[in-house]
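The following exercises are to be worked through with the sequence and the model in view. Each task is followed by a solution in steps.

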Amino acid sequence: MRELRTKIKLDKSVMDSPNLCHLFDEVDLTTISEEVFDGFERDRQSRSKWEKRMSAAMDLALQMTKGKDFPWPDCSNVAFPLVTIATMQFHSRAYPALISGSDVVSYKVNGLDDDGKEKERAIRVSQHMSWQVLEEDEDWEEQHDRLLINLPIVGCAFKKTYRDTVEDHNDSELVMAKDFVLDYYAKSVEGCTRKTHIIPMTRNELWSKMAFGAYRDCRDDAWFNQNAVPFVAPQESEEDRRAGVSPPQSDSSTPFTILEQHTWLDFDGDGYAEPYIVYLEYTSREVLRIVARWDQESDIQRDRRNKILCIKSTEYFTKYTMIPSPDGGIYDLGLGILLGPLNESVNSLINQLIDSGTMSIAAGGFIGKGAKLRAGNERFAPFEWKKIESSGDDLRKNLFPLPVREPSAVLFNLLNLLINYTDRITGSTDIMVGENPGQNTPAETSRNMLEMGGKVYSAILKRLWRSMRAEFRKLYTLNTIFLPTTSSFGP
C-alpha cells in the first residue's frame, strides 16, 4: 500500500467508529482512493473473459437475438430456448427441495446431552432462525428464489449477510456475480484479499446517509450536484456499439455507483494490513466511508509486547456454486456457459433449415428473352391467372427455376443429436420432464431412470446446501452479537 501521512492506533474506538474518514486528511483520502480504485480495476480486468462468457450466456437465456443480413436481409433469426428450458428445470427442482415448509434452518447438537437441554435449545434456535429468514426478513425467500434462477445461467451467485441497522434485523442480500468483483484466480471468497460490491445508490439514499453521518458530507461537492454517470461495463459498451444502441442517458434519477470494497490496508504503519471496508463513489473517486471489518477486540491477537500477530476479519459474503470451474477460477460454470456452444449450433441449424425451406418455397429463377412478359417483378396471388403473349412451349423453354433443394434431412438429424446431448448435460431425461416412457415400461425401470436422472441435480443441491449452511452460520453469529440474551423463545 502507498504510504499514508497519518497513522491511527488500533483500539476499541476504531472498531466501533461508524466512519473513520475524519481521521485522515484530504491527501491521505486521495491515496486510499487510488489504492482502492486501482485494485478494483485490476480485479475487473482479470475477469474480463468471464464477463464476456457470462454476458453471452445471459443473452441465450433471455433469447435475445442480434440483427442478421445473411444469407439475405430479414432472414430467419430464431433463438432456441435450450438454456431457458434447462434453467426452469433446475429451478423447479431446487426451490422446493431447499425451501420446504416453515423449517428452513436446523440446528444440530454436537456432543453429550444427557439432560436434553441442548436439544431443547437446538429446537428453539431452529424455530427462531427459520422465523427470521421467512418472516422477519421478508425479502429473504424472494432473494433466494431469484438466486436459484440466476445461478444455473451464470454458474455462481453470492449472499451478503450483515446487520441492517435501519430495519434493526439481520439481512441476507442477493449479490449477482456481475456486481461482485474479485480477482478471477482467487482460491475462495474468504481467502480473497480484495472484494468489491458494485452498489447503485440514488441521490436521496446518499443524502440520507450523509445527513445521518454514515457517509462523509459531500452534498456541496460538484459531483453530487450533477447528474450521475451510468455505470457501464466494458463488454456492455461493446455490445451496444455492435447493436447500434446508444448508452443510457444521464438524468436526475440516474443512480450513483458506489464501490464497497472489503480489503486490507495498513493504517497503523506496523507493516501488517488490517481488514477494512472502504466506500468509494465511482465517478468522482471520493472516499465516503471507512469502517473496521472485525467485530470484537478478541479478534485481534497480540504478542506480549502488544504487537499485532493477526486479525480475524468478519466475512460478509457467501458463494453459491453450480459447477466448480475446472481452471480453478473463483467464478464457476453454469448451464448458460456449458450449453452456450450447443445452443448457438442449434440456433444456426434451425435457421438454416427455415431459410432452406423458404428458398424451396419462394425461390425464383431465370427468364429468357423469348418469354414476352412485362418488365419488373411478377408475383402471384392464390387462384390468379396471368395473360401473356408467349405460347406455352416458348414460356416453358424460357423459364428456368433455381435448382434449390428442400431442407436437408441430415441437418435435421444433426439438430436432434445436439438437443439430445443437452439433456445429458442437464440430466433431464424424458421421464423427469413429465413424458411417459411407454405403457409397458416396468415400474422398477422407471424408478431407476428417475434416480439416475437426478444424480446431476443431487450433487448441485449438495453444494447449495453447503452454501446455505455457511450463510446460516453467519446469521447465527450476528444473533450472538445483537440479540438479547432472553426472548420469547427462552435463553
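**Exercise 1. Identify which residues line the largest cavity, and which elements they come from.**

Step 1. The lining of the largest cavity consists of Gln 132, Val 133, Glu 136, Asp 137, Trp 140, Asn 170, Ser 172 and Leu 475. On a 1 Å grid over the protein atoms alone, a cavity is a set of points where a 1.4 Å probe fits but cannot get out, and lining residues have an atom within 4 Å of a point.

Step 2. Two or more lining residues are given by each of α5 (117–136) and β2 (169–176). Helices (H or I, at least four residues) and strands (E, at least two) are DSSP runs, numbered from the N terminus. Helix α5 supplies the largest share, three residues.

Step 3. By class, the lining has three nonpolar, three polar and two charged residues. Here Ala, Val, Leu, Ile, Met, Phe, Trp, Tyr, Cys and Pro count as nonpolar, Asp, Glu, Lys and Arg as charged, and the others, Gly among them, as polar.

Step 4. The space in this cavity is about 60 Å³, a volume being the space filled by probe spheres set on grid points joined across faces, edges and corners. The structure holds one cavity of 30 Å³ or more.

The model is predicted: local features need pLDDT of at least 70, side-chain atom pairs count only at pLDDT 80 or more, and totals for chains, interfaces and linings use all residues. Residues are numbered from 1 along each chain as its sequence is written, and side-chain values use heavy atoms, with hydrogens and water left out.

**Exercise 2. Determine the strand order of the five-stranded sheet and which strands stand at its edges.**

Step 1. The order in this open sheet is β3-β4-β5-β6-β7, with antiparallel pairing; two strands pair if DSSP finds at least two bridges between them.

Step 2. At the edges stand β3 (180–182) and β7 (287–292); each has a single partner strand, so one side of each lacks a neighbour in the sheet.

Step 3. Strand β6 (residues 274–281) is joined to β7 by five bridges, and Tyr 279 stands opposite Arg 289 in β7.

Step 4. Helix α2 (residues 26–46) lies across β3, β4 (195–201), β5 (256–265), β6 and β7, at about 95° to β5. Contact means heavy atoms within 4.5 Å; axes are lines fitted to C-alpha atoms, for helices over the stretch in contact, and angles run from 0 to 180 degrees between N-to-C directions.

**Exercise 3. Describe the three-stranded sheet and the helix that lies across its strands.**

Step 1. This open sheet has the order β2-β1-β10 and antiparallel pairing. Because β2 and β10 (317–321) stand at the edges with a single partner strand each, one side of each is left without a neighbour in the sheet.

Step 2. Eight bridges join β1 (residues 156–164) to β2; the bridge partner of Tyr 162 in β2 is Asp 171.

Step 3. Helix α6 (residues 140–154) lies across β1, β2 and β10, running at about 155° to β1.

Key: 1 Å grid on protein atoms, 1.4 Å probe; cavity = no way out; pocket = protein on both sides within 12 Å on 5 of 7 lines; lining within 4 Å.
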